[in-house]
Amino acid sequence: MTALEPPTPDHPGGDTSGARTGRPAGTGRAGRSDARRNREKLLTAARSVFGAATEGPVTLEAVARAAGVGIGTLYRHFPTREALVEAVYAAELDALAAAAPELLGELSPVPALRAWLDRYTAFAATKHGMIDMLRSGPAPTSVPTLPTRERIASAVGELLAAGARDGSLRADVDPDDVTTLLLGVSLAAASGRSSEQTGRALDLIVDALRPRAE
């Protein structure tokens, strides 16, 4: 069975629970709870597998294996690889956007910004893994179109505004300019640059955002 071939009851990955019990699989309160848990396990596993992908395409079987479920369970939640990628990408983008106010609630603006930049590079690594997965299919497609740049710039703007208020970051920086720099760093990291070099590049961005000496 290929990565895009739907499971069948005759295949080890297919769902035969309905045949055993005489009712549709996943019905009832317990079934719905199990379904939610399996979906979350699949999304968590997919994020991990996509983010760690360095060589070769990521397969749906690898995601199901990492989640500890059968391929049939994956297909019930995500009928196509595009559906899985879209769900993971949307969840990762939501988490990245939400991280800015969360970090500002725990840290002062400069360390919050630096910690958020690390979150961004993890998001970028996951995105590149998803791109590799989509390209590996029989009909290559692209990552779903979401307002990614706008949401990243919005999060950056929130961090910069907090720093401008307490004087630790410049007040004259366009968040979209910082987003452009981040895209460059993520592309370099995807091309094989070391994590140490990526960290140094992020440190340079933070240094450039500090107020200029009079």
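## Glu92 and its surroundings

In this predicted model, Glu92 is in contact with Arg47, Phe123 and Thr126, once its neighbours within four places in sequence are left aside. Glu92 belongs to helix H5, and with a relative accessible area of 15% it counts as buried, because that value is under the 20% cut-off.

Not counting residues up to four places away in sequence, Leu96 touches Trp116, Arg119, Tyr120, Phe123 and Ile152. One of these contacts, Trp116, is 20 residues away from Leu96 along the chain, and the C-alpha atoms of the two are separated by 7.9 Å.

Helix H5 covers residues 81-104, and at 1.5 Å a residue its 24 residues should span 34 Å, which agrees with the 35 Å that lies between its end C-alpha atoms.

## How H5 packs against H7

Two packed helices are described by the angle between their axes and the distance between the axes. For H5 and helix H7, which comprises residues 148-166, the angle is about 5° and the axes are 9 Å apart. H5 is therefore roughly parallel to H7, since angles under 35 degrees count as such.

On the side of H5, the contact is made by Tyr89, Leu93, Asp94, Leu96, Ala97, Ala100, Pro101 and Leu104. On the side of H7, the residues that take part are Thr148, Arg151, Ile152, Ala155, Glu158, Leu159 and Ala162.

## Helix H9 and its buried face

Helix H9 runs over residues 195-208, and its 14 residues, at 1.5 Å each, should span 20 Å, which agrees with the 20 Å between its end C-alpha atoms. Which residues of H9 are buried? They are Thr198, Gly199, Leu202, Ile205 and Val206. Seen down the axis of H9, these buried residues fall within an arc of 115°, so they line one face of the helix.

An α-helix has 3.6 residues a turn, so residues three or four places apart point the same way. What covers the buried residues of H9 includes helix H6 (109-135) and helix H8 (175-190), whereas on the other side of H9 Glu196 and Leu204 are exposed.

Definitions and conventions:
Residues are numbered from 1 along each chain as its sequence is written. This is a predicted model: local features need pLDDT of at least 70, side-chain atom pairs count only at pLDDT 80 or more; totals for chains, interfaces and linings use all residues. Side-chain values use heavy atoms; hydrogens and water are left out. Helices (H or I, at least four residues) and strands (E, at least two) are DSSP runs, numbered from the N terminus. The expected span of a helix is 1.5 Å times one less than its number of residues. Buried means under 20% relative accessible area, exposed over 50%, partly exposed in between (1.4 Å probe, protein chains only). The arc is that of the directions from the helix axis to the C-beta atoms. Contact means heavy atoms within 4.5 Å. Axes are lines fitted to C-alpha atoms, for helices over the stretch in contact, and angles run from 0 to 180 degrees between N-to-C directions. Angles under 35 degrees count as roughly parallel, over 145 as roughly antiparallel, 65 to 115 as roughly perpendicular and the rest as oblique.
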